[in-house]
Every structure is written in C-alpha cells, then in structure tokens.
Amino acid sequence: MLSCLTVTFFSAFYSVSVLIFNTTSHCFVLVKQFRPAVYMCEWEKAKTKTSQGAEKTEEGEASESQEGQSATTEDTSSQWPPASAGVTYELCAGLVDKPDLPLEEIARQEVLEECGYDVPASKLKRITSY
C-alpha cells in the first residue's frame, strides 16, 4: 500500500531558441531580461535569511536595551533586493504561437524582436529539435 503519492504535472509549449553568433564582434549574443518570478524568489530567500538572522540577533542581544538597536526586525525583513536580482541572461527564444508560419520564420521574428537583428530565415540553421 502506498503511504505517499506524488503527482507531477508538466505542461510544455512548443518554442524556438536561437543561439546567435555575432560575426563582427566574434561573440555569442544573449538576451538580458528582468524576470519578476526570479526577483520574487530572490526576495523570498532574502526575507527568510533576514528573519533567521534577526532571530539569532534577538537571542544574542536579549540583555541589551532597545536604544542600542539600529533597526527593527520589521525594517530589515521588508527590504527589497536590488532589481538586478531578477535579471537573467538567456538564449533568444519565443513560443510557437503562429501555426501558419514555419519555425525558421518564427525564430527570425524573435531575433528581430528581442535582439534587433534582421536575419533572413535562410541564414538560420537548425541544430536540434526534440
């Protein structure tokens, strides 16, 4: 008999990713994006770490008066991390949401939209698919 049942649900969307190599500067091009979900995850980590640190501080400073404290626990636990905590570097990518277009055309549009390069679809080379 099972005492514990774990159910995992995964829903995936078809997408394209483009690895861009700039032949002028001889480097790969990545997209720098702010991701709110990444930022909020970092905020939660910081909040948890701060509250755990505050508990240890309160235990160690139980004999001190409140006049000697520079910030309250509430002040330190509500501090937001810098915006850079939500920044990611990723491949140029996008959802396949136009079923009438070939993948190469969707990839070309994503490169133009996210990176500003107007690459002809004929210049794109498929590396792999799954």
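Analyst: A disulfide is a pair of cysteine sulfur atoms within 2.5 Å. The structure holds zero of them. Cysteine 92 is in no disulfide, and the nearest cysteine sulfur, that of cysteine 115, is 4.2 Å away. Cysteine 115 is likewise in no disulfide.

Keep the source in mind. This is a predicted model, where local features need pLDDT of at least 70 and side-chain atom pairs count only at pLDDT 80 or more, while totals for chains, interfaces and linings use all residues. Residues are numbered from 1 along each chain as its sequence is written, and side-chain values use heavy atoms, with hydrogens and water left out.

Cysteine 92 has a relative accessible area of 0%, so it is buried. Cysteine 115 has 22%, so it counts as partly exposed.

Now look at the strands. Strands (E, at least two residues) and helices (H or I, at least four) are DSSP runs, numbered from the N terminus. Two strands pair if DSSP finds at least two bridges between them. Strand β6 covers residues 92-95 and pairs with β1 in the antiparallel sense, over four bridges. Across from cysteine 92 in β6 stands valine 18. The side chains of β1 (residues 15-18) alternate.

Elsewhere, look at the rings. Rings of Phe, Tyr and Trp (its six-membered ring) pair if their centres lie within 6.5 Å; planes under 30 degrees apart count as stacked, over 60 as edge-to-face, and the rest as tilted. The whole structure has four aromatic pairs. Phenylalanine 34 and tyrosine 39 have ring centres 5.8 Å apart and planes at 45°, so this pair is tilted. Tyrosine 39 has a relative accessible area of 12%, so it is buried. Tyrosine 39 and tryptophan 80 are stacked, at 6.2 Å centre to centre and 5° between the planes. This pair links distant parts of the chain, 41 residues apart. Tyrosine 39 sits in helix α1 (residues 36-60), and tryptophan 80 in the loop between α2 (73-77) and β5 (87-90). Tryptophan 80, at 53%, is exposed. Ring pairs join Phe34, Tyr39, Trp43 and Trp80 into a cluster.

Technical notes: Buried < 20%, exposed > 50% of the residue type's maximum accessible area, 1.4 Å probe, protein only.
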